[in-house]
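Please look over the sequence and the model before reading on.

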Amino acid sequence: MLDLIYFLLIGLAAGWLAGKIMKGSGFGLVGNLAIGVIGAILGGFLFRLVGLAAIGLLGSLVSATVGAIVLLFILQKFGKRV
């Protein structure tokens, strides 16, 4: 249970950071926070794909933020066409 709370908090922080980095994404605070949680999963996958490991709080935050930025970028590029 504590791991789930830790994961969600990291994802929320990553979504907030990604929203600040990717200005003009237009998803709002709540949307960016949700994207951060999904981005945490994506970031972990991407890091493992290239052979990197996220260790500790800072590593998890970096991994989740990278995943959230990638997800925001994809949604920004392809979400406008719908």
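## Ground rules

Contact means heavy atoms within 4.5 Å. This is a predicted model, where local features need pLDDT of at least 70, side-chain atom pairs count only at pLDDT 80 or more, and totals for chains, interfaces and linings use all residues. Residues are numbered from 1 along each chain as its sequence is written, and side-chain values use heavy atoms, without hydrogens and water.

## Helices H1 and H2

Helices are DSSP runs (H or I, at least four residues), numbered from the N terminus. The axes of H1 (residues 2–21) and H2 (residues 28–49) come within 6 Å and cross at roughly 120 degrees. Therefore H1 is oblique to H2. Axes are lines fitted to C-alpha atoms over the stretch in contact, with angles from 0 to 180 degrees between N-to-C directions.

Residues of H1 that meet H2 include Phe7, Leu8 and Trp16. On the H2 side, Leu29, Val37 and Ile41 are among them.

## Thr65 in H3

Thr65 sits in helix H3 (residues 56–79). Thr65 is buried, with a relative accessible area of 9%. Buried means under 20% relative accessible area (1.4 Å probe, protein chains only). Beyond neighbours within four places in sequence, Thr65 contacts Ala14, Leu17, Ala18 and Ile21.

What does Leu71 touch, not counting residues up to four places away in sequence? Leu71 touches Ile35, Ile38, Gly39 and Leu42.

Methods: Helices (H or I, at least four residues) and strands (E, at least two) are DSSP runs, numbered from the N terminus. Buried means under 20% relative accessible area, exposed over 50%, partly exposed in between (1.4 Å probe, protein chains only). Angles under 35 degrees count as roughly parallel, over 145 as roughly antiparallel, 65 to 115 as roughly perpendicular and the rest as oblique.
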